[in-house]
Amino acid sequence: MSEFSAQRLREARERRHIARENLAIKIGRSYATVASYEQGYNVPPIATLCRIADELDVPIESFFVEVDEVPA
């Protein structure tokens with residue numbers, strides 16, 4: 001199973017030397033919203049995640065990590 005990684009999002013943005021505020025403007029979201037994604041408080045909707053991936057020129061899969069499923 002895969003889950004969204006806030007850390008991978010932040011690292012991808014920083015590698016591109018794009019300020020959080022500039023990314024927010026480019027994807028049509030607020031600075032606070034992008035910050036909440038990068039801090040792990042919220043998970044971006046898939047459409048927003050696609051826009052972020054396009055802006056950062058990375059595959060959307062790069063924002064996800066594999067996690068072990070815990071048996072119920």
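**View 1. Helix 1 (6-15), helix 3 (31-38) and helix 4 (46-56) are among the elements that cover the buried residues of helix 2.** The model shown is predicted. Helix 2 spans residues 20-27, and its buried residues are Arg20, Leu23, Ala24 and Ile27. Why do they sit on the same side of helix 2? They cover an arc of only 100° around the axis, which puts them on that same side. An α-helix has 3.6 residues a turn, so residues three or four places apart point the same way. Just after helix 2 comes glycine 28, with a positive phi of about 75°.

**View 2. Glutamate 38 and arginine 20 form a salt bridge.** Their closest N and O atoms are 2.9 Å apart. The pair links distant parts of the chain: glutamate 38 is in helix 3, arginine 20 in helix 2, 18 residues apart. Are the two residues buried or exposed? Both glutamate 38 and arginine 20 are buried. A network of salt bridges links Arg13, Arg20 and Glu38.

View 3. Glutamate 14 is partly exposed, at 42% relative accessibility. Arginine 10 is partly exposed too, at 28%.

**View 4. A salt bridge joins aspartate 57 and arginine 16.** The closest N and O atoms are 3.6 Å apart. Aspartate 57 lies in the loop between helix 4 and strand 2 (64-66), and arginine 16 in the loop between helix 1 and helix 2. They are 41 residues apart. Aspartate 57 is exposed, at 58%. Arginine 16 is partly exposed, at 41%.

Notes: Residues numbered from 1 in each chain as written. Predicted model: local features only at pLDDT ≥ 70, side-chain atom pairs only at ≥ 80, totals over all residues. Heavy atoms only, no water. Buried < 20%, exposed > 50% of the residue type's maximum accessible area, 1.4 Å probe, protein only. Helix = DSSP H or I, 4+ residues; strand = E, 2+ residues; numbered from the N terminus. Arc of directions from axis to C-beta. Contact = heavy atoms within 4.5 Å. Salt bridge = Lys/Arg side-chain N within 4 Å of Asp/Glu carboxyl O.
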